[in-house]
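Here is a quick walk through one chain, written to be read with the model open beside it. Have a look at the fold before reading on.

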Amino acid sequence: MTKMQPDAHTHDDHVHHTHDGNCRHAEDHRRHAAEALARAERICRERGLRLTPIRRQALEALHADHRPIGAYDLADRISPAGGRRLAPISIYRALDFLVEQGFVHRLSSKNAYVACLHGHGANEVVAFLICESCGGVDEDASPAMKKAVAAIAETRQFSPSHQMVEIVGRCEHCRNAAS
């Protein structure tokens, strides 16, 4: 993938080493997780909201993986060891909160969630590049993409509530591994 604009934020500079989550992208994701968690805590304080233990655990679990995670898998990951699995409604409530605050994105095509390392504005257009081979997800946004999507919506007199593009294909590593 090439950068959309010089001022776009992206994860396109990653280099996969393996498909087991030890690729550079996954390592970068985990490395930036602490900063993103601190930002989430700060934003919650500023907004007078509470990052409850379940919300925080869900956010931490999503930051621990660069692949999309479904709600039931998330419940398995954050439920107490040897204890009862958290109720799905508790997980969905936590995820709804995290999505509403912009800390997590829901990928409709996967019916799964990924942590957001960026502080997107409510009207920002975000593209997700989803590798169908290794499951990794790259996130990108740019003024050019925002302008293009706005033009499409304006032409159709459509008022978007959120703007997300999901692109499915193969990442650089998986394409190179197949050659």
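This is a predicted model: local features need pLDDT of at least 70, side-chain atom pairs count only at pLDDT 80 or more; totals for chains, interfaces and linings use all residues.

Residues are numbered from 1 along each chain as its sequence is written, and side-chain values use heavy atoms, with hydrogens and water left out.

**The chain as a whole**

The secondary structure amounts to 6 helices and 6 strands (DSSP runs numbered from the N terminus, H or I of at least four residues for helices and E of at least two for strands). The chain has 179 residues, and 41% of them count as buried (under 20% relative accessible area; exposed is over 50%, and partly exposed lies in between, using a 1.4 Å probe and protein chains only). Take the contacts (heavy atoms within 4.5 Å) between residues at least 6 apart in sequence: 58% of them join residues at least 24 apart. The accessible surface is about 10,200 Å², with 50% of that belonging to carbon and sulfur atoms (Shrake-Rupley method, 1.4 Å probe; for residues, only the protein chains shown count as cover).

**Salt bridges**

How many salt bridges does the structure hold? There are 5, where a salt bridge means a side-chain nitrogen of Lys or Arg within 4 Å of a carboxyl oxygen of Asp or Glu. Among them are these:

| Pair | N to O distance |
|---|---|
| Arg56 and Glu41 | 2.5 Å |
| Glu60 and Arg56 | 3.0 Å |
| Asp65 and Arg77 | 3.4 Å |

Start with Arg56 and Glu41, which meet in a salt bridge. Arg56 belongs to helix α2 (residues 53-63) and Glu41 to helix α1 (residues 24-47), so this pair ties together parts 15 residues apart in sequence. Arg56 is partly exposed, at 26% relative accessible area, and Glu41 is partly exposed at 26% too.

Arg56 also bridges to Glu60. Here both residues sit in helix α2, 4 residues apart, or about one turn of the helix. Glu60 is partly exposed, at 36%. Put together, Glu41, Arg56 and Glu60 form a network of salt bridges.

Then there's Asp65, which pairs with Arg77. This one links distant parts of the chain, 12 residues apart: Asp65 is in the loop between α2 and α3 (71-78), while Arg77 is in helix α3. Asp65 is buried, with a relative accessible area of 16%, whereas Arg77 is partly exposed at 47%.

**How α2 meets α3**

Two packed helices are described by the angle between their axes and the distance between the axes. For α2 and α3 the angle is about 105 degrees and the axes are 10 Å apart (axes are lines fitted to C-alpha atoms, for helices over the stretch in contact, and angles run from 0 to 180 degrees between N-to-C directions). The two helices are therefore roughly perpendicular, a label that covers 65 to 115 degrees. On the α2 side, Ile54, Gln57, Ala58, Ala61 and Leu62 take part, meeting Leu74, Arg77 and Ile78 of α3.

**Two buried loop residues**

Phe103 sits in the loop between α4 (88-100) and β2 (104-107). Is Phe103 buried or exposed? At 7% relative accessibility, Phe103 counts as buried. Beyond residues up to four places away in sequence, Phe103 touches Ala40, Ile43, Cys44, Leu59, Phe97, Leu98, Ala115 and Cys116. Phe103 and Leu59 are 44 residues apart in sequence, yet their C-alpha atoms are 7.7 Å apart.

Leu51, in the loop between α1 and α2, is buried at 18%. Setting aside neighbours within four places in sequence, Leu51 is in contact with Glu41, Cys44, Arg56, Phe97 and Leu98.

**Positive phi values**

Asn111, in the loop between β2 and β3 (112-115), has a phi near 45 degrees, a positive value in a residue other than glycine. Asn111 is partly exposed, at 44%. Gln157 has a positive phi too, near 50 degrees, and lies in the loop between α5 (143-155) and β6 (163-169). Gln157 counts as exposed, at 75% relative accessibility.

Notes: Angles under 35 degrees count as roughly parallel, over 145 as roughly antiparallel, 65 to 115 as roughly perpendicular and the rest as oblique.
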